[in-house]
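Here are my notes on the model, as numbered points. Please read them with the structure open.

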Amino acid sequence: TGFRHTEAIAAGRAKIAAMGEADDFSVTPSEDAALFTDAGLRDFEVVVFLNPDGEGILTAAQRSAFERWTQRGGGIVSIHADANADRNWAWKGDMMGGAWFLNHPAPPVQFQQATVNVVDTEHPATRDLPQPNWVREDEWYNFTAEPENVHVLLKLDENTYDEQDGSAAADDHPIAWCSNYDGGRHFYTALGHHGHYYAEPLFRSHLLGAIHWGGGAADGE
């Protein structure tokens, strides 16, 4: 219901489906919120929120069904703009560690190369990344707060790009994190704005590790 990341959604759907074919897990792409019922979610181990944006995406009943699914051990992988989706959902805000999308640098520096510090070098979503630092381009998000009660996986080195967060003060700037939340597992990465990023082997490894971890197929803190 908000800004549509058209290229990223199309590319992400194709690449995640290809991951499933290669790793022997089934993938069901859908934009039908009516699937968010107890029966509709029952057969899924992981739900990937691929760049949803805006408000009113899920109704109160659909949110409640998703919360129950999570409490039964569901895994959640949230990508990029999901930090700006259904912000009036208190349960989701708590799951995100209280960190919602605030802004990103404006043109002409909306997309910049920056250094990403790999905080956890053993997690399935990060262990294949260059260590200790990963240099890449993206649309780098600023958040309303630093996430709390989460395990930080990646941080941005704010000295390597023009942050434009409205404050001269430096912060840790987590950019990917995970947590055990309400009986399930939640992973969030702010990476993934452009469609061509999904062709990057390292970014695909990042997402595949998150899916494996979310589904309980791979251990990680």
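**Notes on the model**

1. Strand S7 is mostly covered, with 5 of its 6 residues buried. Buried means under 20% relative accessible area, exposed means over 50%, and partly exposed lies in between (1.4 Å probe, protein chains only). Helices (H or I, at least four residues) and strands (E, at least two) are DSSP runs, numbered from the N terminus.

2. A word on the basis. This is a predicted model, in which local features need pLDDT of at least 70 and side-chain atom pairs count only at pLDDT 80 or more, while totals for chains, interfaces and linings use all residues. Residues are numbered from 1 along each chain as its sequence is written, and side-chain values use heavy atoms, with hydrogens and water left out.

3. The sheet. It is open and has 7 strands, in the order S1-S2-S9-S8-S7-S4-S5, with mixed pairing. Two strands pair if DSSP finds at least two bridges between them. S1 and strand S5 (133–138) stand at the edges; each has a single partner strand, so one side of each lacks a neighbour in the sheet. From one strand to the next, the twist averages 15 degrees. Axes here are lines fitted to C-alpha atoms, for helices over the stretch in contact, and angles run from 0 to 180 degrees between N-to-C directions.

4. Neighbours of S7. Strand S4 (residues 112–118) and S7 run antiparallel and are joined by 3 bridges. In this pairing, valine 116 stands opposite leucine 156, and asparagine 117 stands opposite lysine 155. S7 also pairs with S8 in the antiparallel sense, over 4 bridges. There, histidine 151 stands opposite cysteine 178.

5. Lysine 155. This residue is in strand S7 (residues 151–156). Leaving out residues up to four places away in sequence, lysine 155 touches Thr115, Val116, Asn117, Val119, Asp172, His173, Pro174 and Ile175. Contact means heavy atoms within 4.5 Å. Valine 119 is 36 residues from lysine 155 in sequence, yet their C-alpha atoms are 6.9 Å apart.

6. Helix H1 (residues 6–23). H1 has 18 residues and reaches 26 Å from its first C-alpha to its last, close to the expected 26 Å at 1.5 Å a residue. The expected span is 1.5 Å times one less than the number of residues. Its buried residues are Ala8, Ile9, Ala11, Gly12, Ile16, Met19 and Gly20. They pack against strand S1 (46–50) and helix H5 (201–214). Aspartate 24 follows H1, with a positive phi near 65 degrees.

7. Helix H3 (residues 60–71). H3 has 12 residues and spans 17 Å from first C-alpha to last, close to the 16 Å expected. Gln62, Arg63, Ala65, Phe66, Glu67, Trp69 and Thr70 are buried in H3. These buried residues pack against helix H2 (38–41), S1, S2, H4, S8 and S9. Just after H3, glycine 73 takes a positive phi of about 105 degrees.

8. Aromatic pairs. Rings of Phe, Tyr and Trp (its six-membered ring) pair if their centres lie within 6.5 Å; planes under 30 degrees apart count as stacked, over 60 as edge-to-face and the rest as tilted. The count by this rule is 15 aromatic pairs. Tryptophan 91 and tyrosine 181 pair edge-to-face, at 5.4 Å centre to centre and 65 degrees between the planes. This pair links distant parts of the chain, 90 residues apart: tryptophan 91 lies in helix H4 (residues 90–95) and tyrosine 181 in strand S8 (residues 174–181). Tryptophan 91 is buried at 11% relative accessible area, and tyrosine 181 is buried at 13%.

9. Aromatic cluster. Which residues form one aromatic cluster? Phe36, Phe49, Phe66, Trp69, Trp89, Trp91 and Tyr181 do.

10. Charge over rings. Arginine 136 lies over the face of tyrosine 197, at 4.9 Å from the ring centre. Arginine 136 also lies over the face of phenylalanine 203, at 5.4 Å from the ring centre. The criterion is NZ of Lys or CZ of Arg within 6 Å of the ring centre and within 35 degrees of the ring normal.
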